[in-house]
Amino acid sequence: MPTKKKPQAAPAERRREILGTAAEVFAAQGYNATTVRKIADEAGMLAGSLYYHFDSKESMLEEILRTFLDELWSGYDAVLDAELGPRQTLEALVTESFREIDRHRAAVAIYQKEARQLAAQQRFEFLADSQRRFEETWLTTLERGVAGQVFRADLDIRLTYRFVRDTVWVAASWYRPGGHHRPEEIARQYLAMVLDGIAER
């Protein structure tokens with residue numbers, strides 16, 4: 001009897017698979033050190049076949065980062081549109097951030113390592129735009145909290161922003177989807193430490 005051929009993934013599905021592979025390779029090796037051949041090898045295809053889906057590794061990187069940021073801002077905008085109080089907004093932003101790390105761990109790692117250098121290129125100007133918007137969102141939330149006496153009056157807003165930002169996003173370096181803790185549980189634990197401290201009262 002003839003052997004059945006394994007059904008091939010539809011082009012859109014295969015494209016997503018390749019992007020997922022490319023993201024993992026970029027995150028592990030760095031963008032400059034990654035070759036198209038390496039991505040193709042990891043994706044189980046010839047380097048020439050990769051160009052059927054993407055015209056360059058730069059195109060792959062752009063799509064990876066745009067997809068991550070589009071989803072991040074979709075979640076953030078939903079939080080901001082809800083018009084919650086400052087503490088609830090901060091809690092929701094932290095929780096949404098961990099959900100994005102869960103969905104796009106490799107893209108977050110790439111962003112952290114490469115964004116500053118990439119943002120200088122015209123093609124990746126959207127990274128700088130997103131960073132400015134990100135900073136404004138968090139600083140405004142903290143300022144509202146201080147003004148509304150929800151957060152301490154002596155809070156250094158910018159220092160607090162940097163602390164929360166770095167504390168949350170560095171989790172991409174150790175977090176693995178499907179692990180022991182769901183992203184919402186990690187967010188809850190982080191928020192307890194950020195907002196209430198770790199010392200016994």
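Trainee: T141, buried or exposed?

Mentor: T141 counts as buried, because its relative accessibility is 4%. The cut-offs are under 20% relative accessible area for buried, over 50% for exposed and partly exposed in between, with a 1.4 Å probe and protein chains only.

Trainee: Before going on, what sort of model is it, and which pLDDT limits apply?

Mentor: It is a predicted model, in which local features need pLDDT of at least 70 and side-chain atom pairs count only at pLDDT 80 or more, while totals for chains, interfaces and linings use all residues. Residues are numbered from 1 along each chain as its sequence is written, and side-chain values use heavy atoms, with hydrogens and water left out.

Trainee: OK. Which helix is T141 found in?

Mentor: T141 is in helix α7. Helices here are DSSP runs of H or I with at least four residues, strands are runs of E with at least two, and both are numbered from the N terminus.

Trainee: And what is T141 in contact with, leaving aside neighbours within four places in sequence?

Mentor: P86, T89, L90, L93 and F151. Contact means heavy atoms within 4.5 Å.

Trainee: Left-handed or right-handed, α5 passing α7?

Mentor: The crossing of α5 past α7 is left-handed. That term applies if the near helix is turned anticlockwise from the far one by less than a right angle, and right-handed applies if it is turned clockwise.

Trainee: Which residues meet there?

Mentor: From α5, P86, T89, L90, L93, V94 and S97; from α7, T137, W138, T141, L142, R144 and G145. By class, the contact of α5 with α7 has 6 nonpolar, 5 polar and 1 charged. Nonpolar covers Ala, Val, Leu, Ile, Met, Phe, Trp, Tyr, Cys and Pro, charged covers Asp, Glu, Lys and Arg, and the others, Gly among them, count as polar.

Trainee: Now α8. How do α7 and α8 cross?

Mentor: Their axes come within 10 Å and cross at roughly 120°, α8 being residues 157-169. That makes α7 oblique to α8. The crossing of α7 and α8 is right-handed.

Trainee: Which residues meet between α7 and α8?

Mentor: α7 brings Q131, F134, E135, W138, L139, L142, E143 and V146, and these meet I157, R158, T160, Y161, V164, R165 and W169 in α8. The contact of α7 with α8 divides into 9 nonpolar, 2 polar and 4 charged residues.

Trainee: Change of topic. How many salt bridges does the count come to?

Mentor: The count is 20 salt bridges, each being a side-chain nitrogen of Lys or Arg within 4 Å of a carboxyl oxygen of Asp or Glu.

Trainee: Which residue forms one with E100?

Mentor: R103, with the closest N and O atoms 2.3 Å apart. R103 and E100 are separated by about one helical turn, because they are 3 residues apart in helix α5. R103 is partly exposed at 46% relative accessibility, whereas E100 is buried at 0%. Shared partners join E96, R99, E100, R103, R182 and E184 into one network of salt bridges.

Trainee: What about the salt bridge of R87 and E91?

Mentor: There the N to O distance is 3.1 Å. R87 and E91 are also in α5, 4 residues apart and so about one helical turn. R87 is partly exposed at 29%, and E91 is partly exposed at 24%.

Trainee: And E62 with R66?

Mentor: Their side chains meet in a salt bridge at 2.9 Å, N to O. Both lie in helix α4 (residues 57-81), 4 residues apart. E62 is buried at 15%, while R66 is partly exposed at 35%.

Trainee: Last one: how many helices and strands in the protein chain?

Mentor: 9 helices and 0 strands. Of its 201 residues, 41% count as buried, and the C-alpha trace spans about 75 × 45 × 30 Å along its principal axes.

How values were computed. Axes are lines fitted to C-alpha atoms, for helices over the stretch in contact, and angles run from 0 to 180 degrees between N-to-C directions. Angles under 35 degrees count as roughly parallel, over 145 as roughly antiparallel, 65 to 115 as roughly perpendicular and the rest as oblique.
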